[in-house]
Amino acid sequence: TKYVRIRDRRLGLAYMFALFVVFVYIAVYTLLYNLAYLDFHMPTGVVRLKLQQPVVDQCDIDSPSCMDAFPDTATLPYCCRDGCTPLPSRGDGACACGFRPEFTNYQCNFYDGDSVGIPQRSGIFVATRMRVQRETMNTTCNRPGSTSCAKLWTTLSQPTSFVAGIENFTLLLDHSAQVPDLDFFQQARDLSGLLHVPGTGPAEHRLCDQDGAFDAYHGGRATRRAPCYLEPSHPPNSTLDIFRLQTLLTAAGVELDAESYAGSGHSARYEGLTMVLSIRYFNAVPWRGVLREPFYVYEVTAMRQNAYGQHQVTWEPHRRNRTVIAMHGVLVQANLGGRVAGFDFNNLLLQLAASLALLAGATTAVNLTARYLMRYRAYYSAALIDTTADFSDVAHLEALPTEDLRRACRGRSLAAGGRRVELISRLIADDYCDDADSRSQATASERGMPLATAAARHDAA
């Protein structure tokens, strides 16, 4: 390989800039920021969620002395109270209140977490509205010989109520993740996590205006404004995470007393909705690489248009009476994922190979610029490209004895020392011609002249 150094300031700056761009892309962006030398895996695991009614001073709910902390229904804007007008057309328990004219209010009842928090597979359903419909069977439908039935079940009562203070209920989250290929097994109780609050509205700002709010999910600084990453609370003598339902709703940008979806005519508290709680595990971050201690981040998104409800049927003895409980509320579906990384030598080799290819590309680009785009491209091309002699007569020279090669070099005033390859190279570089020198040899042989003398005469001619 021949290296040519062209002493031109513009080309030098262009070449150094190209090398700088390649270095920044490979070393800074690809390796340090994107961590391309690591092999990332999606963790799998399990999630458990449990709902609990508000209690005084976060006491142990199993303790006989633990007291509930339900709010007064007179302070809840969605509950019927004194001064509201009953609306029998909207069902038992409905009323119209002047302070909330856009939606119908309902009687509020108190429930505990086990009554309104129904576990689902990797999730939980939290009821916000309940309709308890008591029914009795029409015995005439099942009499012997009966051939028709106008209505099988007769409704005795169907009062509808909101769950009082459901937004103050707390949700406990327990989860674990694993990546067997990397020997990664972690539990939430042994790590720390944060809840992402991405919005920038007044509710989000109020939520972030507290201790334990940070501006980044790793290595962030304390902040008092949204968006932020919020630390969870913990039960006494436990490291598990708990959040108020209102906190999760605010993080998802949802207000229960806003319209469920355009044209519904009801609030999200009445219709229900679906939320996805994404739990993302990480053990590597840009600029830092693999961390000593992994962490996780909660991300909450809501689908308001997806109203959600469930039905439960409780049968009385002899199955002639039953109670149908129609519940609407918030379905919280947990989804565990993230990016767990481990060092991968193959990935590092790929990045090094890519860097070599980019360096070669940068050199080629500068060479092409010098040869075809610069003002003195003709001079640059002459410096970069050397034209060799014609190698057509190499085979003829290879067949000559070494002494003949030396005599031919002397006849051309060339150095006659060295190996055969060096002798032949000198002759080729001196435009050795097979036909002309063959004739000189033939003439010299016929006249008995030395080859060197014949060659000298031929050159003189």
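This is a predicted model: local features need pLDDT of at least 70, side-chain atom pairs count only at pLDDT 80 or more; totals for chains, interfaces and linings use all residues.

Reader: Which residues touch the most other members of the largest nonpolar core?

Author: The general idea: in soluble globular proteins, nonpolar side chains tend to be buried together. A nonpolar core here is a set of buried Ala, Val, Leu, Ile, Met, Phe, Trp, Tyr and Cys residues joined through side-chain atoms within 4.5 Å. Buried means under 20% relative accessible area, exposed over 50%, and partly exposed in between (1.4 Å probe, protein chains only). The largest core has 54 residues, and Leu 49, Val 116, Met 275 and Tyr 281 touch the most other members. Strand β19 (residues 321–343) gives this core its largest share, eight residues. There is also a second, separate core of 11 residues, with Ala 408, Ile 424, Ile 428 and Tyr 432 among them.

Reader: How do I read a helix such as α6, and which of its residues are buried?

Author: An α-helix has 3.6 residues a turn, so residues three or four places apart point the same way. In α6, the buried ones are Asn 347, Gln 351, Ser 355, Ala 362, Val 366 and Ala 370. They pack against α1 (9–33), β1 (38–41) and α7, where contact means heavy atoms within 4.5 Å. As for length, α6 has 28 residues and spans 40 Å from first C-alpha to last, close to the 40 Å expected at 1.5 Å a residue (1.5 Å times one less than the number of residues).

Reader: At what angle do α6 and α7 pack?

Author: About 125°, with the axes of α6 (residues 345–372) and α7 (residues 377–384) 6 Å apart. Axes are lines fitted to C-alpha atoms, for helices over the stretch in contact, and angles run from 0 to 180 degrees between N-to-C directions. That makes α6 oblique to α7; under 35 degrees counts as roughly parallel, over 145 as roughly antiparallel, 65 to 115 as roughly perpendicular and the rest as oblique. On the α6 side the contact uses Ala 370, Arg 371 and Tyr 372, and on the α7 side Arg 377, Tyr 380, Ser 381 and Leu 384.

Reader: What about the serines: is Ser 267 buried or exposed?

Author: Ser 267 is buried, at 2% relative accessible area, in the loop between α4 (245–251) and α5 (268–271). Beyond neighbours within four places in sequence, its contacts include Arg 100, Phe 103 and Leu 256. Now try Ser 413, which has a positive phi of about 60° although it is not a glycine. Ser 413 is exposed, with a relative accessible area of 68%, and lies in the loop between α9 (402–411) and α10 (420–429).

Terms used:
Residues are numbered from 1 along each chain as its sequence is written. Side-chain values use heavy atoms; hydrogens and water are left out. Helices (H or I, at least four residues) and strands (E, at least two) are DSSP runs, numbered from the N terminus.
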